[in-house]
Amino acid sequence: MERHIRSTIVIPNYNGINYIENCLRFLADEPAHIIVVDNGSTDGSRQLVQEKFPQVEMICLDKNYGFCKAVNIGIEASKTTYVILLNNDTEVQSGFVRALEQPLEQHPEVFSGSAQMRNLHRPGLIDDAGDYYCALGWAFAYGKDKPLQDYRYKRRIFAACGGAAIYRRKVFDEIGCMDENHFAYLEDIDLGYRARIHGYVNLYIPDAVVYHAGSGASGSRYNDFKVSLTSRNSIYLIYKNMPAAQVFLNLPFLLTGFAVKTAFFIKKGLGSTYMKGLCEGVMLCLSEEGRAHKLKFSRERLYNYVMIQLELWRNIWYRFMG
């Protein structure tokens, strides 16, 4: 590995024939090693990468193991100081990698940095300016569909969006990698949550710009696959990261949040899918696999829990006013 290469870009791919070529072309001049982890694609995208981008390291899996497992395999294969996760339906702006690296080099307490994700089809609008999580049990992309000018400044966020984010690789040894129980969706919130419990900081880095098509694998903003997994994982996220006392403290907010979401998805014609996902989330929490991943409360980290709780309340405001 050349000395000036400090980052490995990990790109999970599943049937990304419409996007993966442009994604890799826009990365051609970026100073990073690139690993594409293919999740058993059947659309020719794996062969395209192998034929047109021989310089890209390719890891081919026999079937679709989900976003989390693909990412973890890529992280394990990396050898650099930083790991950058990037969706296959993205196009980066020149200087993307160095812009992500700089804040982490300057601030050792920073675990992750979230790029400024712009809407590929409406480039004047934000797609994601950092992810937040609130006491209603909702995770949300800050600035979604808002004008760029309001999201020009670096700031602390709850978690980095795994669609375009940098991570300090050695911290994975302390807090663990992506939780494969998620399969996909909310795994980046869970990772950022764990980092916060351990006292690390997550940043929004607006100088690192990437254009995002959105729903490149699932096909749409709301569908059975996405709604089912998101609702399941929203229950698991709470169980896994919140001590019992914190769940009790937030219970009125959580019940309100899930009730509002249920009504929303009923109107979308996806109510039964959403509620089935909630039930599956409860079953995951009760399972041996779910219990094995629950974080043990640490009194030594009480201050971190308190600061997170204050943020969960504050982020309700951000959800409606941000």
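1. In this predicted model, the lining of the second largest pocket is made up, by class, of 9 nonpolar, 3 polar and 5 charged residues. The volume of the second largest pocket is about 380 Å³, and of the 17 residues that line the second largest pocket, those closest to its centre are R156, R196, V201, M307 and E311.

2. As to where this lining comes from, strand 10 (155-157), strand 12 (201-212) and helix 11 each contribute at least two residues to the second largest pocket. The most is given by helix 11, which supplies 8 residues of that lining.

3. Helix 11 (residues 302-321) also packs with helix 8 (residues 244-267), at an angle of about 5° and with the two axes 12 Å apart. Because of that angle, helix 8 is described as roughly parallel to helix 11. On the side of helix 8 the residues in contact are Q246, L249, N250 and F253, and they meet Y305, I308, Q309, L312, W313 and I316 in helix 11. Sorted by class, the residues of this contact are 7 nonpolar and 3 polar, with no charged residue among them.

4. A further residue to look at is D127, which lies in strand 7 (residues 126-128). Is D127 buried or exposed? D127 is buried, because its relative accessible area is 8%, and the cut-off for buried is under 20%. Leaving aside residues up to four places away in sequence, D127 touches M117, R118, N119, A141, K144 and H212. Between D127 and R319 there are 192 residues in sequence and 15 Å in space, taken from C-alpha to C-alpha.

Methods
Residues are numbered from 1 along each chain as its sequence is written. This is a predicted model: local features need pLDDT of at least 70, side-chain atom pairs count only at pLDDT 80 or more; totals for chains, interfaces and linings use all residues. Side-chain values use heavy atoms; hydrogens and water are left out. Axes are lines fitted to C-alpha atoms, for helices over the stretch in contact, and angles run from 0 to 180 degrees between N-to-C directions. Helices (H or I, at least four residues) and strands (E, at least two) are DSSP runs, numbered from the N terminus. Angles under 35 degrees count as roughly parallel, over 145 as roughly antiparallel, 65 to 115 as roughly perpendicular and the rest as oblique. Contact means heavy atoms within 4.5 Å. Ala, Val, Leu, Ile, Met, Phe, Trp, Tyr, Cys and Pro count as nonpolar, Asp, Glu, Lys and Arg as charged, and the others, Gly among them, as polar. On a 1 Å grid over the protein atoms alone, a cavity is a set of points where a 1.4 Å probe fits but cannot get out, and a pocket is an open set with protein on both sides within 12 Å along at least five of seven lines; lining residues have an atom within 4 Å of a point. Grid points are joined across faces, edges and corners, and a volume is the space filled by probe spheres set on the points. Buried means under 20% relative accessible area, exposed over 50%, partly exposed in between (1.4 Å probe, protein chains only).
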